[in-house]
Each structure stands twice: as structure tokens, then as C-alpha cells.
Amino acid sequence: MKSAFVGLLLIGLVYSCKPYTSTTTKPDQITYTQFRNDQSSFSSIEGTIKYIDKGKGEVILLLHGIPTSGWLYRNMIDELAKTNRVIVPDMLGFGSSDSPKGYEIYSEENHGRRILALMDSLNIEKWTHVMHDAGGLWTWELLKQESHRFKNLVILNTIIYEEGFQPPIRFKKGFTARIAMWSYRNKITTNMMLRGLLKSGLIEHNLNKTDIEGYKIPLKEGKTRGMYYFFTQTCNELPNYSEVLSQFKRPVTIIWGEEDEFLLWQSQANRVKSDLNISEENIHLLKAKHFIQEEEPQEIIKIILQSLK
């Protein structure tokens with residue numbers, strides 16, 4: 001088990017990182033302020049959840065992981081919303097949503113329950129479900145609770161089994177882990193850790209300052225309690241959802257960045273294909289790392305739309 005201070009040495013990678021490649025905003029690029037202005041609010045029992053609700057038609061839910069938010073999907077939302085209704089929440093403890101005190105409120109089960117409550121509030125009975133990273137764990141809890149509400153699943157580099165799970169750090173619950181989470185709120189260490197994370201999670205780090213702001217601002221605002229639960233609990237005792245997955249009978253599509261260093265496809269591929277009954281034609285391996293929404297948004301959009309047919 002690494003200490004928080006050893007864990008923070010991960011950011012030592014950062015000193016060899018290239019600076020953000022551009023300070024120029026791209027044509028038609030959305031800012032984080034604009035993204036937040038487009039969000040609506042849902043009052044869950046534990047706190048306010050912010051979400052995007054755009055478009056009309058078949059419903060697609062885009063679910064982020066850790067330490068990101070709905071901002072991860074910003075380059076996909078408008079295109080998908082041309083022909084569909086797209087729901088993109090910031091989970092409690094992330095992005096623009098509240099980050100209330102507590103520990104178990106950030107459990108996989110409670111995250112799943114809040115997604116259902118959000119969809120109920122929007123009178124959405126069934127939807128196509130797209131998830132990334134830890135969003136998979138919250139999704140498996142949804143399957144346990146109300147799997148009949150899924151039309152299909154689209155899995156993007158998601159936590160499934162221990163065989164493919166290689167988190168960059170694991171902490172023990174307590175003081176040192178809290179110090180590590182606190183460091184994300186500091187401007188200097190936030191910049192450093194984000195650069196290290198993006199260097200490890202992207203083949204080519206070509207994000208500009210406007211892109212980075214959407215990842216940086218929530219961390220500087222102190223949105224780290226959900227991360228604290230994940231790194232001190234989930235990373236040490238990954239829940240086993242084998243039975244839940246094997247009982248799911250709806251169509252499943254895999255879209256995976258095959259160079260991901262955090263979530264490895266080949267280590268768990270046979271087990272996943274067997275449990276979820278996925279045919280080879282529905283497995284799409286992309287030349288990308290972990291944050292495939294940043295590297296291959298158009299290809300992901302194309303595959304999602306195909307899956308709807």
C-alpha cells in the first residue's frame with residue numbers, strides 16, 4: 001500500500017510533461033462557464049445533482065467516472081442530441097454537483113440509486129446507457145436494482161473485473177489519504193496532477209487551457225469527497241458483479257482504448273465477452289488510451305448511433 005506522499009510522487013511524471021499545447025480556444029469550443037450555464041438541477045436526498053438535458057427522441061445517458069464529470073462528453077453531446085435526447089449528469093461529489101460531507105453516501109450503491117432518482121424525475125423509463133471508468137461500477141449497481149430499464153449498454157473503458165483494474169494509486173482510509181485529496185484543491189498541485197493524469201491517459205496531450213479548465217475548476221472547488229471514497233474503499237475492495245453481468249440480457253457494445261494503462265482490455269476480455277454475451281462485431285478497439293472521449297469522440301458517436309439501430 002502506497003502512502004499519500006508516495007502517491008503524490010506520481011506527479012513527478014509531470015515534470016517531463018509538455019506544457020498544454022495551445023492557449024488558443026478552438027473554433028466553436030465551449031467554455032466551462034457555458035457548460036455550467038446549460039446544466040439543470042435535480043435535488044437528491046443528499047444534495048443537488050447538475051445535469052445536461054438536450055435534444056429529443058431516444059434517450060442516451062452519458063455517465064462519467066473518476067476524477068472527471070459530464071465535461072468529459074462535451075465534444076459528443078451536441079452531435080448526439082441532433083437525433084436523440086441526451087442526459088449527462090455530474091455525479092454527486094463531482095463537477096458542478098454538490099459535494100456533501102459523508103463517506104458511504106459515495107458508495108456504488110448510492111450513486112446508482114441517485115441515477116435512478118434523476119431519471120424518475122425526468123419521467124424517463126428506458127434509455128441507452130453509456131459509461132466510462134468508475135461509471136461502470138455505478139452502472140452495475142443500477143443493473144442490480146432495475147436492469148429492465150436499460151435498452152442497451154455501451155461500455156467505454158470501464159471498471160469491470162479485478163483482472164483489468166490497474167488504478168494509479170490505492171490509499172488506506174485516514175489522515176494521509178485526506179491530505180492527498182486536499183492537495184487536489186491547491187492550484188499548483190492540481191495543475192501538476194492533472195498534467196500527469198492526462199499524460200498517462202492520452203496518447204497525445206493536445207488539450208488547451210479551455211479544455212483543462214473544466215477538469216481543474218471542480219477540483220479546486222474541493223470536489224474530492226467522492227474521490228476519497230473511491231481511492232480508499234473501492235480500489236482496495238473492488239465489488240464482484242459477475243452474477244449481475246451474467247444475468248443481463250440486453251445488447252452490449254464495447255468501445256475501448258486499447259492502450260489504456262489504467263483499465264486493461266485483454267486481461268479480462270474473455271471473461272467479459274462470456275458474462276455479457278458480447279459478439280466480436282460489437283467490440284471496437286480504438287487506438288487510444290483511457291480518455292477516449294478526448295481522443296476519438298467522432299468514432300464513439302458513430303458507434304453509439306449504430307448501436308441504437
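A cavity here is a set of points, on a 1 Å grid over the protein atoms alone, where a 1.4 Å probe fits but cannot get out, and its lining residues have an atom within 4 Å of a point. This is a predicted model, where local features need pLDDT of at least 70 and side-chain atom pairs count only at pLDDT 80 or more, while totals for chains, interfaces and linings use all residues. Residues are numbered from 1 along each chain as its sequence is written, and side-chain values use heavy atoms, with hydrogens and water left out.

The count is 2 cavities of 30 Å³ or more. The largest cavity holds about 50 Å³, a volume being the space filled by probe spheres set on the points. Its lining includes Phe-94, Tyr-215 and Leu-219.

The second largest cavity holds about 40 Å³. Among its lining residues are Glu-108, His-111, Trp-138 and Tyr-229. Helix H4 (108-121) and helix H9 (225-234) each give two or more residues to this lining, and H9 gives the most, with 4. Helices here are DSSP runs (H or I, at least four residues), numbered from the N terminus.

Now the helix pair. H7 (residues 187-201) and H8 (residues 209-220) pack at about 135°, with axes 10 Å apart. That makes H7 oblique to H8, oblique being what is left after under 35 degrees (roughly parallel), over 145 (roughly antiparallel) and 65 to 115 (roughly perpendicular). In the contact (heavy atoms within 4.5 Å), Leu-194 and Leu-198 are among the H7 residues, and Tyr-215 and Leu-219 among those of H8.

Key. Axes are lines fitted to C-alpha atoms, for helices over the stretch in contact, and angles run from 0 to 180 degrees between N-to-C directions. On a 1 Å grid over the protein atoms alone, a cavity is a set of points where a 1.4 Å probe fits but cannot get out, and a pocket is an open set with protein on both sides within 12 Å along at least five of seven lines; lining residues have an atom within 4 Å of a point.
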